[in-house]
Amino acid sequence: MSYPTVFCGAGIRPYLAFLLFITAAIAMAQKKEGSSENAGRPNIIFLLSDDQTSVATGCYGNDQVKTPNMDQLAKEGVLFLNHYNTTSICMASRANILTGMYEYKTGCNFMHGDLAVDKFENSYPVLLKEAGYFTGFAGKVGFVLEGGDSEKIEDGLPVGYFDKWGGGPEQTEYETAKNPTIAEYSKEYPHSTRAYGAWAGDFIKEAKSSGKPFCMSISFKAPHLPFTPDPFFDGVYAGQTYNKPENYGAENATHLSPQAKSGRQYNSYNFWRESEASYQEAITKYNQLIHGVDYAIGMIRKSLAEQGVDKNTIIIFTSDNGYSCGAHNLAGKVLPYEEASRSPFIIYDPRAPQSQRGIKRKTVTANIDMAPTILSYAGLEIPENMDGENLVPLMAKESGVERDHIALTNMWGNDEIQAMSVVTEAYKYIYWQYTDEHMQPTEELFHISEDKLEMHNLAKDDAYKTELAQMRKLYDGQYKRLVNEGIKANDYEKYAILFNRNAPESAKKQYRKLTYKKMIEKSRNKN
């Protein structure tokens, strides 16, 4: 048998040509096989506004705001009517969203601590990247990671968690040029909200060329303070006068607990109540910032269509917490009342049948549901440590998720306002634990399905004894979870005492460290 000469002279050329042909054929087959595998894996976009209450969105019934792209997502997808942030403040909420866990398990919030690296490495973007997704993040991170070289997640790419990075530290800036990772867009888009829309367009192009399914997360700064809207939208609300909510002002807060009225949410942010003019200016800027986010959503959807990936890309939109906007004389967030704890929440899946388009779900949902839902869409197993629900079955039918309640916690701020609550589709129960010479532990019960403005505290109404007992039982169940599963670090151990409805005040006294009065004194001393 004769063999071809392959190492000398002209004989090498046919052999090399054959080798190149075989190599190319194998590569094409592998690429085709990979494309086939990826065809069943959707792209996922997660969009997060900052401080947007659900009632500031057209699809939730507000005819004074203009949010056409959010409204269109709701028309084509699923609108969740009872969506809550289990901790209504940015740092903790963002950690909850990424990890699918309650705050007392993440250990991450202001006054407590940073997010542990091992918890972040079990978050949805990291798990998706490990599973072959092309991942990207832009906008406000809102927290850092514990320890050493890993403590600044805003470094992004150097620590290897994302394929493309547009994130920034702390609150980030509305002026695009002041955000290094998106500064290149500043000439055309000087306001960061539209700049993130442009960044998304470039990400989608790059992700498509990678041949992988992609997961893009954008956390807009808007509409967080300072209210600095994009002048590009100055004409949107020109000349408009807004009606105040029916529960606006101090006269609609007389029935609330003294604890709720002891913090900066009630005593600061005076621009909401200084005058009619100051209210109109604030609400106009707030809504204009939200309109900018809405416009960026339109930019992103346009980019998806231009790249031909819109039919296989799920879009999830929500916010990290609500904003009170003067309701009950309150501003800011943190408290468990409707305006502050509720946010818009929409899922649009272009692959869903027509019967699952433009529908609304009443089942209570929460920010801890984001991670397990995203992982489920990607075909990945949901880690056992996650507290949230996979909402994909709820997309198909109202009974798809059996959950009947969630817990809301505030473990930040002055001692008086730290509290735990439980909420169902129909009722909300709040246990205000703080005690001193001016106030005693207080219960609030609101029939929120009938009283969205929370104007009637039914805790002492004999007609609601049964409902109060049921909500107390749910509260006690959530309290036991906190005791059993909460971390024993970052000053979280104390809530096993503070949130215990039966703990004596003598046991709670040792944890009284930062009353509102002391907090104000500290602030004055600093200034």
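Tutor: What follows is a set of questions and answers on a predicted model.

Student: What share of the residues of the protein chain count as buried?

Tutor: The secondary structure of the chain comes to 16 helices and 14 strands. The accessible surface is about 22,300 Å², of which 52% belongs to carbon and sulfur atoms. Of the 527 residues, the share that counts as buried is 57%.

Student: Among contacts between residues at least 6 apart in sequence, what share joins residues at least 24 apart?

Tutor: Contact here means heavy atoms within 4.5 Å. Among the contacts in the protein chain between residues at least 6 apart, the share joining residues at least 24 apart is 71%.

Student: How many residues apart in sequence are the parts tied together by Lys140 and Asp50?

Tutor: Lys140 and Asp50 form a salt bridge, with the closest N and O atoms 2.7 Å apart. Lys140 belongs to strand S4 (residues 134–140), while Asp50 is in the loop between strand S1 (43–49) and helix H2 (68–76), so the parts tied together are separated in sequence by 90 residues.

Student: Are Lys140 and Asp50 buried or exposed?

Tutor: Buried requires a relative accessible area under 20%, exposed one over 50%. On that scale both Lys140 and Asp50 are buried.

Student: Asp320 and Arg94 also form a salt bridge. How many residues apart in sequence are the parts this pair ties together?

Tutor: The closest N and O atoms of Asp320 and Arg94 are 3.2 Å apart. Asp320 sits in the loop between strand S7 (313–319) and helix H10 (338–341), and Arg94 in helix H3 (residues 90–99), so the pair links parts whose separation in sequence is 226 residues.

Student: What is the relative accessibility of Arg94?

Tutor: Asp320, at 0% relative accessibility, counts as buried. Arg94 also counts as buried, and its relative accessibility is 3%.

Student: In the salt bridge of Asp349 with Arg351, which residue is partly exposed?

Tutor: The closest N and O atoms of this pair are 3.0 Å apart. Asp349 has a relative accessible area of 9%, which is under 20%, so Asp349 is buried. At 39%, the partly exposed residue is Arg351.

Student: Which residues are linked in a network of salt bridges?

Tutor: The structure holds 26 salt bridges. The residues linked in a network are Glu338, Arg342, Lys428, Lys452 and Glu454.

Student: Which strands stand at the edges of the open sheet of four strands?

Tutor: The order of this sheet is S11-S12-S13-S14, with antiparallel pairing. An edge strand has a single partner strand, so one side of it is left without a neighbour in the sheet; the edge strands are S11 (406–410) and S14 (442–446).

Student: By what angle are neighbouring strands of this sheet turned against each other on average?

Tutor: With direction ignored, the average angle is 15°.

Student: What is the relative accessibility of Ile406?

Tutor: Ile406 is found in strand S11. Beyond residues up to four places away in sequence, Ile406 touches Tyr84, Tyr102, Val364 and Ser421, among others. The C-alpha atoms of Ile406 and Ser421 are separated by 8.5 Å. Ile406 counts as buried, at a relative accessibility of 1%.

Student: Why is helix H11 (residues 370–377) largely enclosed by the rest of the structure?

Tutor: The buried residues of H11 are Met370, Ala371, Pro372, Thr373, Ile374, Leu375 and Tyr377. H11 is largely enclosed because, of its eight residues, the number buried is seven.

Student: How are H2 and H9 oriented to each other?

Tutor: The axes of H2 and helix H9 (residues 276–306) come within 7 Å and cross at roughly 55°. Angles of 65 to 115 degrees would count as roughly perpendicular and those under 35 as roughly parallel, so the two helices are oblique.

Key
Residues numbered from 1 in each chain as written. Predicted model: local features only at pLDDT ≥ 70, side-chain atom pairs only at ≥ 80, totals over all residues. Heavy atoms only, no water. Buried < 20%, exposed > 50% of the residue type's maximum accessible area, 1.4 Å probe, protein only. Areas by Shrake-Rupley, 256 points an atom, 1.4 Å probe, with all protein chains shown as cover. Salt bridge = Lys/Arg side-chain N within 4 Å of Asp/Glu carboxyl O. Pairing = 2+ DSSP bridges. Axes fitted to C-alpha atoms, helices over the stretch in contact; angles between N-to-C directions. Parallel < 35°, antiparallel > 145°, perpendicular 65-115°, else oblique.
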